[in-house]
Amino acid sequence: MQSYDDIVIGAGHNGLTAAAYLAQAGRRVLVLERSDHLGGATVSARPFPGMDARLSRYSYLVSLMPRQIITDLGLDITLIRRRYSSYTPLPGDPTRGLLVDTADDSATAASFHAATGSDSDFTAWQRFYGSMTTIAEGVFPTMLKPLLGAEEMASIAGGDHGAMDLWKQLTTRPAGEIIADTFADDTVRGIVATDGLIGTFADMHETSLRQNICLLYHLIGGGTGDWDVPVGGMGAVSGALAAAAVAAGAEIRTGVEVTDIDPETGRVAWRGGAAAADYILGACAPAVLDELLEEPLGTGPAPEGAQLKINLLLRRLPRLRDTATPPDVAFSGTFHIHEGFGALAQAYQDAARGQIPSLPPSEIYCHTLSDPSILGPELTGMHTLTLFGLHMPPGVFSRPGAKDEAVAATLAALDSVLAEPISDVIATDSTGAPCIEAKSPLELQESVGLPGGNIFHRPLQWPWAETAAEVGTWGVETRHPRLLIAGAGARRGGGVSGIPGHNAASAVLAL
């Protein structure tokens with residue numbers, strides 16, 4: 001049986017990050033991946049026969065990946081900052097919309113006034129996101145360090161009075177209450193609320209505050225909260241990480257499904273082989289690790305995911321009912337569809353009853369407006385659209401044909417804000433079929449190993465130590481000293497970040 005210093009289970013972006021750091025430190029590293037390719041959910045794929053379009057199939061934007069990781073590992077990655085943060089057609093009158101232009105405050109202020117009829121929500125918007133920027137500037141640099149206690153984190157996050165007040169509210173009150181107290185307009189409230197619901201099936205007023213934690217993670221990336229487009233698609237990110245790991249000496253094997261882990265001896269077995277290591281890093285969901293252990297870690301079952309992912313290839317961008325906003329502007333940021341505050345609450349109630357929401361809320365962005373390199377030369381002028389539907393848990397897909405119904409309802413919701421049906425501009429592949437790919441949470445579970453389709457592996461956790469025993473740890477430790485969590489299920493997990501992989505490697509190297 002071969003011996004290694006470290007065995008990493010899972011070759012998603014976090015497993016590859018951990019492997020690259022450990023191998024660069026001169027350790028013998030083996031990475032085992034169940035599927036026949038690297039990258040996990042961070043991959044690019046050509047889903048449409050005969051069409052040279054490399055879509056970011058599952059994850060699609062980058063916010064939480066620290067520049068330090070890119071620099072440390074010498075990653076050949078280019079991230080493009082989007083000028084327009086979002087565009088939202090007004091639910092009651094989609095001939096008008098709210099456009100947030102990060103490069104022009106006066107234009108954004110005018111858009112707020114036209115959409116809401118007053119200036120008060122834009123003033124509140126500036127104050128809220130100004131405080132969130134202060135929080136992000138304090139919190140984000142701690143993500144690659146040992147865990148701080150709650151009080152120390154609060155002192156770092158609250159750089160001024162406004163930020164401290166928002167921090168106290170965010171960590172104690174449901175985000176729905178905070179948003180309702182801060183903003184008057186339903187559409188504006190909904191734009192803010194969506195960041196608490198990406199991949200999280202929750203009501204904005206839940207006392208568990210899981211929606212608050214999701215909101216925090218979505219607004220602190222890079223210390224700014226910006227969501228950037230990776231040139232070449234998400235596969236460029238995982239590809240660069242794999243190249244760094246291999247260049248440093250890591251051994252990566254695909255098509256290897258681990259069947260057993262013994263954390264006492266460091267033995268990892270798979271069909272047809274086994275190896276041993278000083279440390280085992282689980283860059284997979286904790287629920288997956290539990291299936292491989294004689295005694296489960298006890299992290300509990302992961303909550304189910306709640307998203308419908310739809311990828312489209314278009315002959316051209318569709319025309320909007322809002323003729324004042326060019327489609328290439330509206331779709332270059334996040335395009336919100338039926339995500340008003342009240343609509344989000346109604347969709348949650350529908351889904352909680354096992355029903356497809358009557359007006360499915362979703363958001364779209366167009367990768368090719370920032371990075372046309374993902375299309376082959378014969379597709380010049382075409383565009384991709386990536387749609388992320390909210391409040392779509394596995395339960396709504398239990399009936400035969402439910403997925404087709406959900407896709408049809410979601411595209412109909414999109415049609416309601418367009419001047420032409422989206423079907424009129426969808427390209428067809430070499431077989432004559434429309435270029436539409438849809439993935440439910442159940443399919444994410446099957447294809448990428450996400451329990452219940454949960455993109456965060458388990459409930460997101462506050463990015464600080466919640467017990468005295470955790471202070472000074474890396475948030476990746478388990479009760480087994482030789483077994484670490486290196487994936488999105490770690491504290492400070494979730495998102496395309498590499499943070500759990502970095503922190504698991506750091507825990508090993510510090511021992």
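Guide: Tyr 365 is buried, with a relative accessible area of 2%, where buried means under 20% relative accessible area, exposed over 50% and partly exposed in between (1.4 Å probe, protein chains only). This is a predicted model, in which local features need pLDDT of at least 70 and side-chain atom pairs count only at pLDDT 80 or more, while totals for chains, interfaces and linings use all residues. Residues are numbered from 1 along each chain as its sequence is written, and side-chain values use heavy atoms, with hydrogens and water left out.

Rings of Phe, Tyr and Trp (its six-membered ring) pair if their centres lie within 6.5 Å, and planes under 30 degrees apart count as stacked, over 60 as edge-to-face and the rest as tilted; by this rule the count comes to 13 aromatic pairs. One of them is the stacked pair of Tyr 60 and Tyr 365, with 5.7 Å centre to centre and 25 degrees between the planes. It joins distant parts of the chain, 305 residues apart, since Tyr 60 sits in the loop between β4 (55–56) and α2 (67–72) and Tyr 365 in strand β15 (residues 362–365); helices (H or I, at least four residues) and strands (E, at least two) are DSSP runs, numbered from the N terminus. Tyr 60 is itself buried, at a relative accessible area of 15%. Tyr 60 also forms a tilted pair with Phe 388, at 6.1 Å centre to centre and 45 degrees between the planes, and this pair again links distant parts of the chain, with Phe 388 in strand β16 (residues 383–389), 328 residues apart from Tyr 60. Phe 388 counts as buried at 5% relative accessibility.
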